[in-house]
Amino acid sequence: MTPLSRSIGNTDHSIIGPRQCRPRSHRSSKPCARCWPGSPRDPASRRRHSGARPSRWPLLPTAVADIGGAGFYAWNMTIYLVAMVIATMLVSRLLARWGNVGAYRLGFAVFLVGSLACAASPAMPVLLAGRGVQGFGAGVLSGLGFAVIRSALPSRLWTRGNALMSAMYGVGNFVGPALGGLFAQLGSWRLAFVAMAAIAAACCAIVPRVLPHGERSDARAPVPAVSLLLVTAATAAVSLAGVLPGIMAMVSGIVVALLLMAAFVAYERRSELRVLPRTTYQAGSPLKWIYLTLGLLAFGVAIESFVPLFGQQLGGLPPLAAGLFGAAISLGWSLTQLGSSSATRQRTVRRLRVIGPLLLASGFLLQGLLQREDTPTWLVLIWVPVLFIAGSGIGLAYPHLSVAAMSSTQDPEEGRRAAAAIAAVTSLSIAFGTAVAGVLVNLGDPSMLDSARYVLFGFAIICATGAITARAANRSSRPEPAEPAGHAPLQQGS
């Protein structure tokens, strides 16, 4: 049995067997970052995985062992993410055409088909196609979560609804790697996809019982093809930047993605056919600052993919334990926002929006200061509460920022578009964060300690700017969200 088929780890570097080099110093018995199996600078990893970046999807090593295609290893998440971002930007149109129930059923059906395609994959190209279909369904469902909360709940419950839904993302990030590792350990990666399909089918069946049908329109709104093309190209560029070998190639990918996003904004400002609400581009509107703050918070989530790498190389943790350490950010995010959602006073809400990015940045700064070569166990254990605190910063601000985006307009169509865009901004920001973290890891080569510090300190600086954008949003925000026109409270089975 090969190391690949035995792997149940949470990171890509677990799929290549151990290969030792001469220690960097007499104090360290660990291989350097360049020769650590599967690291971003590992030559073997580059040849076999096209620059695969760390990932917390533990099923993939087992799947590659079964059907081959290691050269396309990193494309699984790239294709999934591109499809997801495209889908989130079509949610408002799907809602207008199919209503709440029809749009949700469509999303679950697409996800189900993609999962079954993955389960039946005889080769990697089929698995990649299935992941693309899965990503499209996931994008529809992610965007619908925010959009339907706006139309199905009274405005006073938007914050709690957003907090509960967003907490499920954190729970998924925590539970997913553990369950994936269990399926991988049993050698049943196909069964994991079958289980996803079964859950999607069950959810599809109960949707009519728990959601209002919502309003439907027979008019087909034109698709903003140019905007979608620019965002798709930007997403693909930044996703590829995270897996390209070499710092210059990665930086070039990020620069291209930023230029494409600048072109997207320039086009949308003067176009009548948009993806984002028109209020995003109006002078004095807080929506652009709200989206920027949400994006900077989501940017910090990307560090979860690299914490397991640092945990294994600097803390000596086994792969599964290192993956669970990375999930401490999601746990802090999930639990904190369930509590912060109860805040209703405008002054308190405004403060939480600013404190959130600062707390996230402070957690990363402290985590960077705690990095050591051959970190002792007692210090490794301190990482958990520090990462939890960092995640708490997201939980403090995220639900209130989401509600601010939803309440930025009283027009129902524009409101659906503003709410659905939250998921698109989040997904795109995580992609940018992953690519930037990949560049910073490579800058630290050959020292993994330097790589960890570059990533953590760099993310602390970037995420701290979220406090500036949050203050800008506060200065231009309206005092109270208005009840949306045509609102209908949630009723069971309506």
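M168 is partly exposed, with a relative accessible area of 48%; the label covers everything between buried (under 20% relative accessible area) and exposed (over 50%), using a 1.4 Å probe and protein chains only. M168 belongs to helix α7, where helices are DSSP runs of H or I with at least four residues, strands are runs of E with at least two, and both are numbered from the N terminus. Before going further, note that this is a predicted model, where local features need pLDDT of at least 70, side-chain atom pairs count only at pLDDT 80 or more, and totals for chains, interfaces and linings use all residues. Residues are numbered from 1 along each chain as its sequence is written, and side-chain values use heavy atoms, with hydrogens and water left out.

L164, M168, V171, V175, L179, L182, L186, L331, L335 and L338 make up a nonpolar patch on the surface, and together they have about 890 Å² of accessible area. Such areas come from the Shrake-Rupley method with a 1.4 Å probe, and for residues only the protein chains shown count as cover. To join a patch, a residue needs over 30% relative accessible area and no salt bridge; nonpolar side chains (Val, Leu, Ile, Met, Phe, Trp, Tyr) are joined within 5 Å, and like charges within 9 Å. Both α7 (158–185) and α14 (328–340) supply at least two residues of the patch, with α7 giving the largest share, 6 residues.

Now for a helix with quite another setting. Helix α4 runs over residues 75–88, so to speak a stretch of 14 residues, and reaches 20 Å from its first C-alpha to its last, close to the 20 Å expected at 1.5 Å a residue. That expected span is 1.5 Å times one less than the number of residues. Because 10 of its 14 residues are buried, α4 is largely enclosed by the rest of the structure. Among those buried residues are Y80, L81, V82 and M84.

Next come the charged pairs. Side chains of opposite charge can pair when their charged atoms come close. A salt bridge here is a side-chain nitrogen of Lys or Arg within 4 Å of a carboxyl oxygen of Asp or Glu, and a search of the whole structure finds 3 of them. One joins D66 to R190, whose closest N and O atoms are 3.4 Å apart. This pair ties together distant parts of the chain, since D66 sits in helix α3 (residues 60–67) and R190 in helix α8 (residues 189–210), 124 residues apart. D66 is partly exposed at 44% relative accessibility, and R190 is partly exposed at 28%.

E414 has a salt bridge with R278 (3.9 Å, N to O). Here too the partners come from distant parts of the chain: E414 lies in helix α17, while R278 lies in the loop between α10 (247–270) and α11 (287–301), 136 residues apart. E414 also meets R417 in a salt bridge, at 3.3 Å from N to O. R417 and E414 are 3 residues apart in helix α17, so about one helical turn separates them.

S407 is found between α16 (377–406) and α17 (412–443), and S407 is buried, with a relative accessible area of 16%. Its side chain reaches the backbone oxygen of V403 at 2.9 Å and that of A404 at 3.4 Å.

At the other end of α16, T377 is part of the helix and is exposed, with a relative accessible area of 58%. T377 and G316 are 61 residues apart in sequence, yet their C-alpha atoms are 8.8 Å apart in space. D374 is in the loop between α15 (346–369) and α16, and is partly exposed at 30%. Most residues other than glycine have a negative phi. D374 has a positive phi of about 50° although it is not a glycine.

What about the cysteines? With a disulfide taken as a pair of cysteine sulfur atoms within 2.5 Å, the count comes to 0 disulfides. The sulfur of C203 is 8.7 Å from the closest cysteine sulfur, in C204, which is too far for a bond. C203 is partly exposed at 26%, while C118 is buried at 0% relative accessibility.

Methods
A polar contact is a pair of N or O atoms within 3.5 Å; within protein, one must be able to donate a hydrogen and the other to accept it, and residues adjacent in sequence count only if both atoms are side-chain atoms.
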